[in-house]
Amino acid sequence: MAECSLPQDSLFLGFDTSTQSLKATILDSNLSIVETELIHFDSDLPHYKTKDGVYRDATVNGRIVSPTLMWVEAFDMMLLKLSRKIDFGKVAAVSGSAQQHGSVYWKNGSSVMLSSLDPKKQLVEQLTEAFSIKESPIWMDSSTTEQCKKIEEAVGGALELSRLTGSRANERYTGPQIRRIFETQPEVYKNTERISLVSSFMASLLVGGYSCIDETDGAGMNLLDIEQKSWSKKALDATAPDLEEKLGQPAPAYAVAGLIAPYFVERFQFSSNCLVIQWSGDNPNSLAGLTLNTPGDLAISLGTSDTVFGITDKPQPCLEGHAFPNPVDTKGYMVMLCYKNGSLTREDIRNQYAEKSWDVFNKYLQQTPPLNDGKIGFYYKEHESLPPLPAGFHRYILQNFTGDSLDGVVDHEVNEFDAASEVRAIIEGQILSMRAHIERSGMPFPPRRLIVTGGASSNECILGSIASIFGCDVYTVQRPDSASLGAALRAAHGWVCNAKGIFIPFECIYKNRLENTSVTSKLSAKAGDPTVVTKYALMMKKRMEIEKRLFEKL
């Protein structure tokens, strides 16, 4: 793979501006991690008085924001910390990740400030007056219910908006947030010359001018036509006037945003040839960090919320999932599901039925047979988003279920299972839901490759259930910062594409480096018995019927 070789002694820098922190990962030309760093917003920047990196507005229901300048000051602090550890002059390219959907509003005239930064001063003291809104709406915000309804009505309904932009209107998405600002603060909207996502905002700091929104993160706005990879006039018109000129044109995720600004060359001794590759969202960067690159590649992240994402050629428009242009290729799409009930709900069942012990929990999983003798559970400790159902537990027994056919199978609801069956029911229920909804989103089955990450990925019993239900080998990685790692890998990939003058497949940069580097994964569970996989498909079909009934009862 000599044509994809990276320059010797060069470094590739990836950032991740998440909700609670700013992380950095630095790779060398062999893609080994040479340095990491973290700025925690609450503890390292206490004067902003955030809790978990955000402000919760008690006066407006659902309004959750972050101070824009906090991200700027964190960037100042991060660069100073890194300058004591690495030689910035060796950094050939830099890219980044950021929480999706959050937005930044640049005041009229701010482009002049960006292009004339004084290297003797910190960024934060020069950009104090750069924003028409001091607090950025973020992904946790849910104050835009009315705007979502109006946008969906204007484009012809929720499914039409999903077909066009990859998702139905979501309260956290940027389009509804922009519409709310236009409706409630029209003078602020008028005084805004550029609207950035958090990702393109951070890239703008690095290039000293407004960076484009990348096509993948741009699909998290309810504004981008995901097939054409350009702003949808219908969606723009449904959101706010003169919006296209405030957004600029979208760009591919692998494109060069620009050379690093003279400010960073003079203040931190970056090379003037250092490339800034388009920043993107945290989920797309995690996809890159987990080395998903081909249709059929799938990842499951088991955390406080569970996330499932993968690559497909043909996304299916639906009301529950999300589709984005592929962040690591010029073809295909990234599809994603988000579940609110993840690890905390699993822990709740563990505490109630397994003596608050994971050892007992795992023993029960091993004691009970696959398919749980026809017992199916729906466990929602919190209001669930997929499907949108209120908190509550629902348990059913499938009478006459053998796994060979649904003929004659009758389900009836019960109040509780025995303890061991409760444990298997929550694990099988969560995984069956993931399989059903990701297939409905257009992912091929079985997955070509399945990687599991997050806290529960260390639980071999849970991994075994995933392998049995999805019918494929399961791999794991020990990579807690897959988003900043993905950004560093994308920096290296963008450098190669720029050097060659054409798009180079993403996997080319790491194809011969999958052992003992940052992109190493290990086989953790072998594919399940094909006969059992087929029986799970029937149970999944029955589960979806019951799920539909629960939803229709609302």
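## Exercises on a sheet, its helices and one lysine

Seven strands make up an open sheet with mixed pairing, in the order β17-β18-β16-β15-β24-β25-β26. This is a predicted model, where local features need pLDDT of at least 70, side-chain atom pairs count only at pLDDT 80 or more, and totals for chains, interfaces and linings use all residues. Residues are numbered from 1 along each chain as its sequence is written, and side-chain values use heavy atoms, with hydrogens and water left out.

**Exercise 1.** Find the edge strands of the sheet and look at how β17 pairs.

*Solution.*
- Step 1: β17 (322-325) and β26 (522-525) are the edge strands, each pairing on one side only. Pairing here takes at least two DSSP bridges between two strands.
- Step 2: β17 is joined to β18 (residues 333-339) by four bridges, in the antiparallel sense.
- Step 3: Opposite Pro325 you'll find Tyr333 in β18.
- Step 4: On average, neighbouring strands of the sheet are turned by 30° against each other, direction ignored.

**Exercise 2.** Work out how α16 and α17 are oriented to each other, and what sits in their contact.

*Solution.*
- Step 1: Two packed helices are described by the angle between their axes and the distance between the axes.
- Step 2: For α16 (residues 358-367) and α17 (residues 419-440), the axes come within 8 Å and cross at roughly 85°. Axes are lines fitted to C-alpha atoms, for helices over the stretch in contact, and angles run from 0 to 180 degrees between N-to-C directions.
- Step 3: So α16 and α17 are roughly perpendicular, a label that covers 65 to 115 degrees.
- Step 4: From α16, Phe361, Tyr364 and Leu365 meet a set of α17 residues including Val423, Arg424 and Ile427. Contact means heavy atoms within 4.5 Å.
- Step 5: Sorted by class, this contact between α16 and α17 has eight nonpolar, no polar and one charged residues.

**Exercise 3.** Is Lys526 buried or exposed, and which residues does Lys526 touch?

*Solution.*
- Step 1: Lys526 is in the loop between β26 and α20 (530-552).
- Step 2: Its relative accessibility is 58%, so Lys526 counts as exposed. The cut-offs are under 20% for buried and over 50% for exposed, with partly exposed in between (1.4 Å probe, protein chains only).
- Step 3: Leaving out residues up to four places away in sequence, Lys526 touches Ala467, Cys472 and Asp473.
- Step 4: Leu463 is 63 residues from Lys526 along the chain, with 9.2 Å between their C-alpha atoms.

Conventions. Helices (H or I, at least four residues) and strands (E, at least two) are DSSP runs, numbered from the N terminus. Angles under 35 degrees count as roughly parallel, over 145 as roughly antiparallel, 65 to 115 as roughly perpendicular and the rest as oblique. Ala, Val, Leu, Ile, Met, Phe, Trp, Tyr, Cys and Pro count as nonpolar, Asp, Glu, Lys and Arg as charged, and the others, Gly among them, as polar.
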